[in-house]
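Here is a short briefing on a two-chain model. Look over the sequence and the structure first, then read the points below.

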Amino acid sequence: MQAVSTPINHNMISIKKLIVAAVIIIVAIAGLYFYKEYNRKVADLSNAKVEETINAADLVTAFENDEAGATKKFAGKTVLVMGNVAEIINQQDTMLNIFLGDKSAISKVSCLMDMRKKEGFKNIVSGTQISIKGICTGFLADVEMNRCVIVNDNKF
Amino acid sequence: MNFYILLFSLLLAVNDVTAQPKVFTKTGTISFKSKTALENIEAVNNKVLSVWDMASGTIEFSLLIKGFEFDRALMQEHFNENYMESDKYPKAVFKGVVENSKNVLLTSNNNYNLKVSGALTMHGVTKQINLPVTIKIKNGEANAMASFSIIPQDYNIKIPGLVADKINKKIDVLINVPAYKILATK
């Protein structure tokens, strides 16, 4: 009887060990995942997938005609906007806003640039056509975009 | 005749300078802070729209909830999705009156400590608030700063028990408008 029960005991121990090891590994992976997730920084949009592509004037018109509908469609999304640089507001090199659209229009697309990418903004001048990728946050006096980066390869 | 036209337009011009203008900004800043022993939470919105009619004293602030930037992405997601429900309530708006606004002159450098009272609407709830504001006039431009605190519960913002210890019951809000620009002169 004894001889039969011994191998069963050995099996029990190894299964127990296996379970303990698996639990430790799962807890460690989960812990690492939560730690990384908790410390995750807001993404730089340079490599973000574009969800909507539109001209600055059309984007403004969309919000002017149906703000609620356009908010639903664009807000929170990564939007690629092409337009004429109407105005540049630089606040002591800590905040840079590029307004896209018609210079005489009341509402434009206001792009708050991601200062982590400021090297790319140096050569931007008023009156040129550029493409900007950013997160659309909605509409106030202008269509508002945050964390914007310049897209150079004008694939439109 | 030409002389009178010139004189008249000069008088008008002088009158324009001393009249109380309507001023505005599109790049005001509103930030908030929550400090607890477990966690500090901070976010900033640099796209605050504000229009202040200096003659009547009416002042308005509006901002987009999605425009608040956090250091940590997860906090920003939870703030928008769980607490502020920014898809449902995309904006926060304050409409109020600056007391003694008429006394503020853009023509001379000076500091003013004034009171603002009005209605703050966010997360679908409107509440009356009063706050002191400091206006600094420098070289014809007005800078405005104010701070106050809000209780999320007042605005029907539910904070789950699991994270209740990590979020202060009172959230400190700081308003800073570096420079109001002249929109129109009355």
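In α2(A), the buried residues are A56(A), L59(A), V60(A) and F63(A). Buried means that 20 or more other C-beta atoms lie within 10 Å of the residue's own; exposed means 12 or fewer, partly exposed is in between, and C-beta atoms are placed from the backbone. Helices (H or I, at least four residues) and strands (E, at least two) are DSSP runs, numbered from the N terminus.

This is a predicted model: local features need pLDDT of at least 70, side-chain atom pairs count only at pLDDT 80 or more, and totals for chains, interfaces and linings use all residues. Residues are numbered from 1 along each chain as its sequence is written, while chains are lettered from A and ligands numbered from 1 in the order in which they are written.

- The buried residues of α2(A) fall within an arc of 100 degrees seen down the axis, so they line one face of the helix. The arc is that of the directions from the helix axis to the C-beta atoms.
- An α-helix has 3.6 residues a turn, so residues three or four places apart point the same way.
- The face of α2(A) turned away from the buried side carries the exposed residues D58(A) and N65(A).
- Helix α3 of chain A spans residues 67–74, and A70(A), T71(A) and F74(A) are buried in it. They cover an arc of only 105 degrees around the axis, which puts them on the same side of α3(A).
- Exposed A68(A), G69(A) and K72(A) sit on the face of α3(A) turned away from its buried side.
- What do the buried residues of α3(A) pack against? They pack against β1 (52–55), α2 (56–65), β2 and β5 of chain A. Contact here means C-beta atoms, placed from the backbone, within 7 Å.
- G76(A) follows α3(A) and has a positive phi, near 85 degrees.

**Chain A overall**

- Chain A has 3 helices and 6 strands. From the N terminus on, their order is α-β-α-α-β-β-β-β-β.
- The radius of gyration of chain A is 27 Å, well over the 15 Å that the globule rule gives for 156 residues, so the chain is more spread out than a compact globule. That radius is taken over C-alpha atoms, and the rule is 2.2 Å times the number of residues to the power 0.38.
- Along the principal axes, the C-alpha atoms of chain A fill a box of roughly 95 × 35 × 25 Å.
- Of the 156 residues of chain A, 30% count as buried.
- Among contacts in chain A with a separation of 6 or more, 65% come from residues 24 or more positions apart.

**Core and a strand residue**

- The largest nonpolar core has 59 residues. Such a core is a set of buried Ala, Val, Leu, Ile, Met, Phe, Trp, Tyr and Cys residues joined through C-beta atoms within 7 Å.
- V81(A), L100(A), V109(A), C111(A) and M145(A) have the most contacts inside this core.
- Leaving out residues up to four places away in sequence, C111(A) touches N97(A), I98(A), L100(A), I132(A), G134(A), M145(A) and C148(A).
- R147(A) is found in strand β6 of chain A. R147(A) is buried, with 22 other C-beta atoms within 10 Å. Its phi is positive, near 50 degrees, in a residue other than glycine.

**Where the chains meet**

- How many residues of chain A are in contact with chain B? The count is 23 residues of chain A, against 18 residues of chain B.
- α1 (2–38), β2 (78–91), β3 (95–100), β4 (109–113), β5 (129–139) and β6 (143–151) of chain A each supply at least two residues of the side that touches chain B.

**Hairpins and a loop in chain B**

- β6(B) and β7(B) pair in the antiparallel sense over 13 bridges. Pairing requires at least two DSSP bridges between the strands.
- A119(B) stands opposite Q128(B) in β7(B).
- This hairpin has 2 residues between the strands, and H123(B) takes a positive phi near 50 degrees. H123(B) is partly exposed, with 18 other C-beta atoms within 10 Å.
- β7(B) and β8(B) run antiparallel, joined by 6 bridges. V133(B) has A146(B) in β8(B) as its bridge partner.
- I157(B) lies in the loop between β8 (141–150) and β9 (171–185) of chain B. Beyond residues up to four places away in sequence, I157(B) touches Y83(B), M84(B), H123(B) and P152(B).

Key
Two residues are in contact if their C-beta atoms, placed from the backbone, lie within 7 Å.
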